[in-house]
Amino acid sequence: MPPTSPVPGSTRSADVVNEEIRTLVRSVGGWLYGASRQRYEVLVEEWTVAVAAERCEVVEAA
């Protein structure tokens with residue numbers, strides 16, 4: 001599966017990014033080395049940003 005990059009200025013949902021992380025980890029049998037490790041780290045950073053954004057939306061809506 002080719003890596004996907006978020007479009008600048010848009011944020012994918014935490015669920016979408018989480019699913020990509022899960023797919024990546026499954027595809028390498030749980031062993032993250034080299035390019036797969038780098039992609040994992042980028043995805044975790046993106047997931048962290050998405051979770052924070054979603055939490056802010058929930059707080060603002062309340």
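Threonine 48 is partly exposed, because its relative accessible area is 44% (buried means under 20% relative accessible area, exposed over 50%, and partly exposed in between, with a 1.4 Å probe and protein chains only). Threonine 48 lies in helix H2, residues 34-61. In sequence, threonine 48 is 30 residues from asparagine 18, and their C-alpha atoms are 9.9 Å apart in space.

This is a predicted model, in which local features need pLDDT of at least 70 and side-chain atom pairs count only at pLDDT 80 or more, while totals for chains, interfaces and linings use all residues. Residues are numbered from 1 along each chain as its sequence is written, and side-chain values use heavy atoms, with hydrogens and water left out.

The protein chain has two helices and zero strands; helices (H or I, at least four residues) and strands (E, at least two) are DSSP runs, numbered from the N terminus. Of the 62 residues in the protein chain, 21% are buried. The accessible surface of the chain is about 4,700 Å², and carbon and sulfur atoms account for 60% of this surface; the areas come from the Shrake-Rupley method with a 1.4 Å probe, and for residues only the protein chains shown count as cover. Taking contacts (heavy atoms within 4.5 Å) between residues at least 6 apart in sequence, 49% join residues at least 24 apart.

Helix H1 covers residues 14-27. At 1.5 Å a residue its 14 residues should span 20 Å, and the end C-alpha atoms are 20 Å apart, which agrees; the expected span is 1.5 Å times one less than the number of residues. The buried residues of H1 are Ala14, Val17, Glu20, Ile21 and Leu24. They cover an arc of only 125° around the axis, so they sit on the same side of H1; the arc is that of the directions from the helix axis to the C-beta atoms. The face turned away from this buried side carries the exposed residues Asp15, Arg26 and Ser27. After H1 comes glycine 29, with a positive phi near 65°.

Alanine 14, in helix H1, counts as buried because its relative accessibility is 6%. Leaving aside neighbours within four places in sequence, alanine 14 is in contact with Trp47, Ala50, Val51 and Glu54. Alanine 14 is 30 residues from valine 44 in sequence, with a C-alpha to C-alpha distance of 9.8 Å.

The largest nonpolar core consists of five residues, Val17, Ile21, Leu24, Leu32 and Leu43. A nonpolar core is a set of buried Ala, Val, Leu, Ile, Met, Phe, Trp, Tyr and Cys residues joined through side-chain atoms within 4.5 Å. H1 supplies the largest share of this core, three residues. Not counting residues up to four places away in sequence, leucine 32 touches Leu24, Val25, Arg37 and Tyr40.

There is one aromatic pair in the structure. The ring centres of tryptophan 31 and tyrosine 33 are 6.3 Å apart and the planes are at 5°, so the pair is stacked. Rings of Phe, Tyr and Trp (its six-membered ring) pair if their centres lie within 6.5 Å; planes under 30 degrees apart count as stacked, over 60 as edge-to-face and the rest as tilted.

Relative accessibility of the residues of the pair:

| Residue | Relative accessible area | Class |
|---|---|---|
| Tryptophan 31 | 57% | exposed |
| Tyrosine 33 | 57% | exposed |
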